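Q: I have a model open and want to learn to read it. Can we go through a few features together?
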Amino acid sequence: MDNMSAIAKNVKTLGSMAKGQTAFDQASARDAALAIATHAVETTTLFQAPATDPKSEARAEIWENFDDFSVKADELEMVARRLSSSINVKADLGVAMKDLGATCKSCHADYRK
């Protein structure tokens with residue numbers, strides 16, 4: 001859950017800049033994207049064993065379809081890593097949020113309560 005919270009925190013950092021709620025800062029935006037990539041890499045390892053915490057939002061389908069779950073985690077890592085070197089100006093955040101949102105949604109639709 002901590003890993004997913006860290007990803008969400010960094011997505012919110014990017015979203016806040018995209019919405020103009022905080023000032024755009026290229027280094028911070030790229031750092032947030034890189035942090036998402038780093039946490040995405042850890043995801044499959046952290047989900048090797050089924051969730052037992054009652055607060056977990058993980059669905060049992062993760063372990064029933066672990067190969068697909070792993071592919072989706074890898075996609076998030078690839079998208080975030082690409083963004084960590086391609087966000088140059090505030091306008092890039094729109095595409096970044098769209099791409100990140102699509103990868104997050106693809107996994108959450110199947111594997112999150």
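Q: How are H1 and H2 oriented to each other, roughly parallel or roughly antiparallel?
A: Two packed helices are described by the angle between their axes and the distance between the axes. This is a predicted model. Here the axes of H1 (residues 2-18) and H2 (residues 26-46) come within 9 Å and cross at roughly 155°. Angles over 145 degrees count as roughly antiparallel, so H1 and H2 are roughly antiparallel to each other. The crossing of H1 past H2 is left-handed.

Q: Which residues make the contact between H1 and H2?
A: From H1, they include Ile7, Val11 and Leu14. From H2, they include Ala33, Ile36 and Ala40. By class, this contact has 13 nonpolar, six polar and one charged residues.

Q: Which residues of the largest nonpolar core touch the most other members?
A: The core has 18 residues. Leu14, Ile36, Leu76, Leu83, Ile87 and Leu100 touch the most other members. H1, H2, H4 (66-86) and H5 each give two or more residues. H2 gives the most, with six residues.

Q: What does leucine 76 touch?
A: Leave out residues up to four places away in sequence. Leucine 76 then touches Ile7, Ile36, Ala40, Leu100, Thr103 and Cys104. Another core, of seven residues, lies apart from the largest one. Phe47, Phe66, Cys107 and Tyr111 are among its members.

Q: Where is alanine 102?
A: Alanine 102 is in helix H5 (residues 92-111). Its relative accessibility is 48%, so alanine 102 counts as partly exposed. Alanine 102 and valine 89 are 13 residues apart in sequence. In space they are 21 Å apart, C-alpha to C-alpha.

How values were computed
Residues numbered from 1 in each chain as written. Predicted model: local features only at pLDDT ≥ 70, side-chain atom pairs only at ≥ 80, totals over all residues. Heavy atoms only, no water. Helix = DSSP H or I, 4+ residues; strand = E, 2+ residues; numbered from the N terminus. Buried < 20%, exposed > 50% of the residue type's maximum accessible area, 1.4 Å probe, protein only. Axes fitted to C-alpha atoms, helices over the stretch in contact; angles between N-to-C directions. Parallel < 35°, antiparallel > 145°, perpendicular 65-115°, else oblique. Left-handed = near helix turned anticlockwise from the far one by under 90°. Contact = heavy atoms within 4.5 Å. Nonpolar A, V, L, I, M, F, W, Y, C, P; charged D, E, K, R; others polar. Core = buried A, V, L, I, M, F, W, Y, C linked by side-chain atoms within 4.5 Å.
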